[in-house]
Structures are given as structure tokens and as C-alpha cells.
Amino acid sequence: MYLHIGQNEILPDHRIIGIFDLDKCSYGKRTREYLAAAEQEGVVLDISGDLPKSFVVCDHPYHRQIVYLSQLNPSTLKNRAESKQLEF
């Protein structure tokens, strides 16, 4: 299965580690440090095209993790992921 996370980006669901609300999570010191380190490593992909509302952490065969910044609300992504699982 795949999850459309905005713009033209589609991710295999087995690669998704977590979907996070950028507004709520960015207050935490560890989250800010994690995102800053990911930015320094060059593994943050901003696909939002605008103000990002969520970030999706994925495993990757060539990097430890990839972080996608999405303009979609985390609840929208969660609903999309859950609806895909119910289509069987």
C-alpha cells in the first residue's frame, strides 16, 4: 500500500515510521534537535510548497531516515492511511 502525503509524493506505507504534527511537536527540545540534525544531514525534504503542518519520518535504504515536511494536516494523513488499510 502507498500513502499520498501531498504534492506529488507517494510513500510505501511499510517505510513510514511516524506521522507528526509539526506545531505540537516542535515545542519539544528533542524534536527540535532531531529536526535540526536531520536538516544538517540533508535528509529533510520539504514537499509542502507552503507552510508545513506535519512531518513524516520514513526509513530509507540509503540513509538512516528521511523526513518529509508536508502541508497536509496529520489527521488527514492518518485518515488516508487508515482508509487504505480498510480497502482489503
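The residues lining the largest cavity of this predicted model divide into 3 nonpolar, 1 polar and 2 charged. In this grouping, Ala, Val, Leu, Ile, Met, Phe, Trp, Tyr, Cys and Pro count as nonpolar, Asp, Glu, Lys and Arg as charged, and the others, Gly among them, as polar. The lining consists of Tyr-34, Ala-38, Glu-41, Val-43, Arg-64 and Gln-65, and its largest share, 3 residues, comes from helix H2, which spans residues 29–41. A cavity here is a set of points on a 1 Å grid over the protein atoms alone where a 1.4 Å probe fits but cannot get out, and lining residues have an atom within 4 Å of a point. The volume of the largest cavity is about 50 Å³, and a search of the whole structure finds 1 cavity of 30 Å³ or more. Grid points are joined across faces, edges and corners, and a volume is the space filled by probe spheres set on the points.

Residues are numbered from 1 along each chain as its sequence is written. In this predicted model, local features need pLDDT of at least 70, side-chain atom pairs count only at pLDDT 80 or more, and totals for chains, interfaces and linings use all residues, while side-chain values use heavy atoms, with hydrogens and water left out.

Strand S5 covers residues 54–59, of which 5 of 6 are buried (under 20% relative accessible area with a 1.4 Å probe, protein chains only; exposed is over 50%, partly exposed in between). Helices (H or I, at least four residues) and strands (E, at least two) are DSSP runs numbered from the N terminus. Strands pair if DSSP finds at least two bridges between them. S5 pairs antiparallel with strand S3 (residues 16–21) over 5 bridges, and 6 bridges join S5 to the antiparallel strand S6 (residues 65–70). Cys-58 of S5 is the bridge partner of Ile-16, and Ile-66 in S6 is the bridge partner of Cys-58. A hairpin is formed by S5 and S6, with 5 residues between them.

The largest nonpolar core has 20 residues, among which Ile-5, Leu-11, Phe-55, Val-56, Val-67 and Tyr-68 touch the most other members. Such a core is a set of buried Ala, Val, Leu, Ile, Met, Phe, Trp, Tyr and Cys residues joined through side-chain atoms within 4.5 Å. Leaving aside neighbours within four places in sequence, Val-56 is in contact with residues including Ile-5, Ile-16 and Leu-77 (heavy atoms within 4.5 Å).

Ser-70 lies in S6 and counts as buried because its relative accessibility is 0%.

How values were computed:
On a 1 Å grid over the protein atoms alone, a cavity is a set of points where a 1.4 Å probe fits but cannot get out, and a pocket is an open set with protein on both sides within 12 Å along at least five of seven lines; lining residues have an atom within 4 Å of a point.
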